[in-house]
Every structure is written in C-alpha cells, then in structure tokens.
Amino acid sequence: MLNALKSDSYVELSQYRDQHFKGKRDEQEKLLKQSCTLYVGNLSFYTTEEQIHELFSKSGDVKRIIMGLDKVKKTACGFCFVEYYTRADSEHAMRFINGTRLDDRIIRTDWDAGFKEGRQYGRGKSGGQVRDEYRKDYDAGRGGYGKVVQTF
C-alpha cells in the first residue's frame with residue numbers, strides 16, 4: 001500500500017521526447033528528471049503572457065515565460081515554456097494545472113529538458129507548429145483552419 005502512495009503519475013515523465021534534443025537519450029532523461037521547466041501546449045494564439053503568468057504563479061514563483069512564436073510572422077503559435085525557480089513548484093504545476101482550462105482551451109503541460117535559445121520558434125514548414133499544418137478542423141483559437149486546408 002505504501003508504494004502506491006509514492007507514485008505520482010502527474011509528475012512522472014511522459015513518453016514524449018524532443019527529437020531535436022542535442023545530446024544522448026540518457027542525458028535528456030537526467031535533465032527531464034531535474035528540470036524546473038515545463039512545456040505548455042494547446043494554447044490559444046490569443047493567450048497572453050500575463051494570463052499564463054497569472055495561472056502558473058498559483059503553483060509557485062515563476063522565473064520566466066518564453067512564448068512560442070511563429071518563426072516567420074513572429075506571432076504567438078500556441079505553446080510556451082514556463083520556468084520555475086524550484087522543482088517542487090514545477091511539480092505543483094504538473095499536478096494542478098495540467099488539463100485545466102485557460103482562455104477556453106484545455107492546456108497540456110509536460111516536462112522540458114530546459115529552454116535553449118531558438119526553441120521558441122514553431123517547427124512547421126509555414127513557421128507555426130507542425131500539428132497546425134495538418135489540422136483539418138476549424139479552430140478559432142488557433143487561427144482557423146490548418147495550413148493544408150487553407151491552401152486549397
């Protein structure tokens with residue numbers, strides 16, 4: 001029974017790994033386990049840094065927020081990085097903020113190995129996130145239809 005209490009699925013590492021990580025897999029695992037940085041996804045393109053700060057500061061002292069930007073337009077593209085001063089504060093965010101609603105969207109948080117300059121830009125061909133390139137549904141919070149649908 002005590003082992004069950006030690007498990008905290010909210011703060012465990014997910015299966016996702018950044019394929020652009022510069023280094024070995026075990027190095028990435030170590031950084032993820034020590035990290036105070038969270039990746040936040042499924043944000044509206046219209047969510048502000050102030051809204052993110054207001055929500056995430058409820059879990060602890062936020063060191064900085066790095067907004068995800070379209071690499072061409074330099075506009076918000078639906079993700080950010082939130083860095084805390086301590087691992088404990090970032091764990092609280094993983095427990096209590098992941099899956100909550102912000103700007104009428106269910107947001108997702110995941111551990112990040114640590115922000116490096118250049119990672120704030122979308123990796124899609126058109127400059128935004130790859131997932132928005134192929135989305136076929138209409139999503140007003142993410143700029144309407146996906147890029148593939150817009151080209152027809």
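## A walk through the predicted chain

Helix α3 (residues 49-56) has the highest value, at a mean of 98, while helix α1 (residues 2-6) has the lowest, at 49. Over residues 1-5 the pLDDT falls below 50, and beyond near neighbours in sequence this stretch makes zero contacts in the model.

Now find helix α2, which runs over residues 25-34. Which of its residues are buried? They are Q28, E29 and L32. Why do these three sit on the same side of α2? They cover an arc of only 100° around the axis, so they end up on the same side of the helix. The background is simple: an α-helix has 3.6 residues a turn, so residues three or four places apart point the same way. As for what lies over the buried residues of α2, the cover includes helix α4 (87-96) and strand β6 (108-112).

Is T109 buried or exposed? With a relative accessible area of 4%, T109 is buried, because the cut-off for that is under 20%. Leaving aside residues up to four places away in sequence, T109 touches Y39, V40, F56, M94 and N98.

Next, have a look at a couple of loops, where the backbone does something to note. In the loop between β2 (62-69) and β3 (76-84) sits K74. K74 has a positive phi of about 60°, although it isn't a glycine. Its relative accessibility is 46%, so K74 counts as partly exposed.

The other loop runs between β4 (101-102) and β5 (105-106), and here you'll find D104. D104 is another residue other than glycine with a positive phi, this one near 65°. How does D104 stand in terms of accessible area, buried or exposed? D104 is exposed, with a relative accessible area of 64%; the cut-off for exposed is over 50%, which means that K74, at 46%, stays in the partly exposed group.

Key: Residues are numbered from 1 along each chain as its sequence is written. This is a predicted model: local features need pLDDT of at least 70, side-chain atom pairs count only at pLDDT 80 or more; totals for chains, interfaces and linings use all residues. Side-chain values use heavy atoms; hydrogens and water are left out. Buried means under 20% relative accessible area, exposed over 50%, partly exposed in between (1.4 Å probe, protein chains only). Helices (H or I, at least four residues) and strands (E, at least two) are DSSP runs, numbered from the N terminus. The arc is that of the directions from the helix axis to the C-beta atoms. Contact means heavy atoms within 4.5 Å. pLDDT is the predictor's confidence in each residue, from 0 to 100.
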